[in-house]
Amino acid sequence: MLHLSRNQPLFTSVSCQSAFACSSHLYLVISVGRSSALPSLPFLSAFRKNFQKSNFPVLSSSKMASLLKASSNVFQSEKLPFLSRSKTRQGVVPKKVTFRSVPVALSLSTSTGTVEHDPISNSPDIAIPIMVNGCTGKMGKSVIQAADSAGLHVVPVSFDAEKNSGQTVELCGKKILVHGPSDRERILASVLQEHPNLIVVDYTVPAAVNDNAELYGKVGVPFVMGTTGGDRDQLYKTVEESKVYAVISPQMGKQVVAFLAAMEIMAEQFPGAFSGYSLQVMESHQAGKLDTSGTAKAIISCFQKLGVSFDMDQIQMIRDPKQQVDMVGVPEEHLSGHAFHLYHLTSPDQTVSFEFQHNVCGRSIYAEGTVDAVLFLTKKVKLKADKRIYDMIDVLREGNMR
């Protein structure tokens with residue numbers, strides 16, 4: 001590795017006395033140091049162009065970062081030459097040294113051609129096949145985009161309502177054929193046979209929750225369900241009897257899950273702490289969300305353990321766009337996709353109040369959490385874990401949040 005300080009002159013030639021190997025490639029690393037401003041880079045530009053002309057592939061900074069992370073043990077205690085203002089001397093790069101630099105790597109392949117080695121391609125997570133049911137909806141589409149970005153393989157098949165049967169959804173360069181309720185068992189069994197490690201992601205509608213769970217259990221495919229509603233007791237009974245692995249959660253957002261986990265811990269540790277307090281709950285979601293927020297129900301159950309008397313039918317559901325803008329404060333551009341929650345506690349004598357609030361605009365937080373759940377569930381299936389039904393708090397506690 002050569003480290004060129006901003007205050008040093010530019011050189012017309014470079015020799016690299018240190019390198020590291022990764023698979024069938026040899027990587028030479030140049031790090032151009034920066035202090036308060038970027039240095040002049042004519043030398044670096046010319047150096048890069050010369051290697052490109054030589055048919056040596058040049059890696060991007062992001063791929064170089066991945067390689068450096070994967071090969072950090074090489075740099076932690078190696079004796080590497082570096083340049084001082086006066087002369088070249090031998091030094092030891094400290095183990096915790098921080099390179100505030102612009103890295104460029106040159107890949108010298110030992111194989112024929114100039115194919116770059118991607119260290120991530122060997123990750124066991126990359127080949128995970130997922131089937132996203134409900135892909136015609138906005139949430140399903142968001143999950144497909146997040147899964148594709150994470151390197152998962154989205155199979156070109158999806159289940160949805162009969163009215164959407166025969167449609168083709170095009171996303172991330174993929175054409176996904178949508179099937180209606182008829183003949184779903186045969187189709188799913190066929191997909192599972194082709195992709196034995198398949199994980200199904202369910203973002204359909206509340207009315208389909210129980211039938212879909214029965215289908216997944218009958219075929220024997222693990223699934224992640226973000227759909228709320230349905231008969232939840234029957235849902236869990238179905239999964240337990242079928243012995244399939246599943247992550248079932250009314251909330252897939254990472255940070256909201258952390259908040260919910262904290263509430264559950266508080267309820268377990270301090271039962272009755274809010275005895276006598278009154279509770280008001282307001283939740284606002286896009287007009288297309290027909291059921292009451294599952295997250296709100298989960299938070300309320302924690303308050304009930306803390307001593308608060310509250311019935312679920314007291315939840316104030318806001319679905320009118322005008323009220324959402326004027327009363328709730330939802331930005332107009334997020335009326336079609338948001339989740340605003342407010343929990344207000346008041347003491348019996350009206351002298352003390354508490355407010356808990358979490359507002360989400362867009363769907364990316366849920367899509368990313370869904371991908372985390374898929375990765376988590378895949379590991380549980382491979383390990384043949386004794387426990388088979390999980391929620392997002394399980395995912396969070398195991399540290400599986402990317």
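1. Contact here means heavy atoms within 4.5 Å. S293 is found in the loop between β16 and α9. Helices (H or I, at least four residues) and strands (E, at least two) are DSSP runs, numbered from the N terminus. At 3% relative accessibility, S293 counts as buried; buried means under 20% relative accessible area, exposed over 50%, and partly exposed in between (1.4 Å probe, protein chains only).

2. A word on what you are looking at. This is a predicted model, in which local features need pLDDT of at least 70 and side-chain atom pairs count only at pLDDT 80 or more, while totals for chains, interfaces and linings use all residues. Residues are numbered from 1 along each chain as its sequence is written, and side-chain values use heavy atoms, with hydrogens and water left out.

3. Now the overall picture. The protein chain has 12 helices and 20 strands. Of its 402 residues, 45% are buried. Among contacts in the protein chain with a separation of 6 or more, 67% come from residues 24 or more positions apart.

4. Strand β16 (residues 278-285) deserves a look, as 6 of its 8 residues are buried. Two strands pair if DSSP finds at least two bridges between them. With strand β18 (residues 338-346), β16 pairs in the antiparallel sense over 8 bridges, and V281 stands opposite Y343 in β18. With strand β17 (residues 316-318), β16 pairs in the parallel sense over 3 bridges, and here S284 stands opposite I318 in β17. The chain crosses from β16 through helix α9 (residues 294-305) to β17, and this β-α-β crossover is right-handed. That label applies if, with the strands pointing away from the viewer, the path from the first strand over the helix to the second runs clockwise.

5. On to the interior. In soluble globular proteins, nonpolar side chains tend to be buried together. A nonpolar core is a set of buried Ala, Val, Leu, Ile, Met, Phe, Trp, Tyr and Cys residues joined through side-chain atoms within 4.5 Å. The largest one has 61 residues, and those with the most contacts inside it are I130, V224, L279 and F303. Helix α11 gives the most to this core, with 9 residues. Apart from it lies another core, of 24 residues, among them L198, A213, Y216 and I389.

6. Not counting residues up to four places away in sequence, F303 touches M263, L279, V308, Y343, L345 and F356. F303 also belongs to one aromatic cluster with F259, Y343 and F356.

7. The structure holds 8 aromatic pairs. Rings of Phe, Tyr and Trp (its six-membered ring) pair if their centres lie within 6.5 Å; planes under 30 degrees apart count as stacked, over 60 as edge-to-face and the rest as tilted. One of the pairs is F259 with F356, which is tilted, at 6.3 Å centre to centre and 35 degrees between the planes. F259 lies in helix α8 (residues 254-269) and F356 in strand β19 (residues 353-361), so the pair ties together parts that are 97 residues apart in sequence. F259 counts as partly exposed at 23% relative accessibility, whereas F356 counts as buried at 17%.

8. What is the geometry of the rings of F376 and Y390? Their centres are 5.1 Å apart and their planes are at 85 degrees, so the pair is edge-to-face. Because F376 lies in helix α11 (residues 364-383) and Y390 in strand β20 (residues 389-390), the pair ties together parts that are 14 residues apart in sequence. F376 is buried, with a relative accessible area of 1%, and Y390 counts as buried at 6% relative accessibility.

9. Finally, an arginine and a ring. The charged end of R184 sits over the ring of F159, 5.9 Å from its centre. The criterion is NZ of Lys or CZ of Arg within 6 Å of the ring centre and within 35 degrees of the ring normal. R184 lies in helix α5 (residues 184-194) and is buried, with a relative accessible area of 15%. R184 and F159 are 25 residues apart in sequence and 7.6 Å apart in space, C-alpha to C-alpha. Leaving aside its neighbours within four places in sequence, R184 is in contact with F159, D211, N212 and L215.
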